[in-house]
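Thank you all for coming; today I would like to talk about charged pairs and the nonpolar core in one model. Please have a look at it before I go on.

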Amino acid sequence: MSTYEKIQWSEGLSIGNHNVDRDHQKLLKIYNSLVDLITNDGSRIEFVSILSEMTDYALLHFRKEEEYMKAFSYPGFADYEKYHMDYIYRVSMFNIELSRFSTTDPKEVLQYVEQWWIKHILENDLEYENFKKSIQSDAHYAAFWIICYQE
C-alpha cells in the first residue's frame with residue numbers, strides 16, 4: 001500500500017445484513033481515524049489508542065458474529081472463531097510493540113488491518129451470510145449490543 005486511503009462505505013461492502021453492516025461501518029470509521037493519524041503524522045501513542053479502540057470494538061463484533069453463527073449452525077464456525085482469535089492476538093501484539101516504541105511501523109500495522117478487514121467483510125462474512133440465507137434461517141444478529149457503542 002503506497003498511499004494511505006480511507007475506506008469509504010459503499011453497497012459493495014454490504015453483506016446484506018443491516019446490523020452486521022452497521023458494525024462494519026463503525027470499524028471502518030475507526031480504521032479511517034488511523035489513516036488520518038498517519039496522514040497527519042500523528043504520534044505512536046495516539047495510534048496505539050485508536051488501534052485499542054478498534055480492537056475493543058472488534059471483540060464485541062466478533063462475539064456477536066459468533067453467537068449469530070451458532071444460532072444457525074454455521075459449519076465453518078470453529079475455523080471462524082480461530083480466525084477471530086488470530087486477528088485479536090496479532091493486533092494486540094502490534095499494540096504492545098508500538099507502545100514500547102519498537103521498530104514496528106504503524107504503516108505496516110495499517111496495511112495489515114486494512115487487508116484483514118476487507119477480506120473479513122467481502123469473503124468471510126459474506127460467506128456465512130450467504131449460508132444463512134441458503135438454509136432460510138431466521139437467526140438474528142444481536143443488533144441490540146450496538147446501542148452500547150453508538151456515538
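This is a predicted model: local features need pLDDT of at least 70, side-chain atom pairs count only at pLDDT 80 or more; totals for chains, interfaces and linings use all residues.

The side chains of Asp36 and Lys6 meet in a salt bridge, at 3.0 Å from N to O, where a salt bridge is a side-chain nitrogen of Lys or Arg within 4 Å of a carboxyl oxygen of Asp or Glu. This pair links distant parts of the chain, since Asp36 lies in helix H1 (residues 18-39) and Lys6 in the segment before H1, 30 residues apart. Helices here are DSSP runs of H or I with at least four residues, numbered from the N terminus.

Residues are numbered from 1 along each chain as its sequence is written, and side-chain values use heavy atoms, with hydrogens and water left out.

How exposed are the two partners? Asp36 is partly exposed at 31% relative accessibility, and Lys6 is partly exposed as well, at 38%; buried means under 20% relative accessible area, exposed means over 50%, and partly exposed lies in between, with a 1.4 Å probe and protein chains only.

Lys70 and Glu67 meet at 3.2 Å, N to O, and because they are three residues apart in helix H2 (residues 44-71), about one helical turn separates them. Lys70 has a relative accessible area of 46%, and Glu67 has 44%. Asp86 and Lys82 form a salt bridge at 2.9 Å, N to O, and both lie in helix H3 (residues 77-99), four residues apart, which is about one turn.

Let me turn to the nonpolar core, meaning a set of buried Ala, Val, Leu, Ile, Met, Phe, Trp, Tyr and Cys residues joined through side-chain atoms within 4.5 Å. The largest one has 43 residues, and among those touching the most other members are Phe47, Tyr87, Trp117 and Tyr128. H1, H2, H3 and helix H4 (106-134) each supply at least two residues of this core, with the largest share, 11 residues, coming from H2.

Which residues does Tyr128 touch, if we do not count residues up to four places away in sequence? Taking contact as heavy atoms within 4.5 Å, Tyr128 touches Ile15, Val20, Glu65, Tyr68, Met69, Phe72, Tyr74 and Tyr80.
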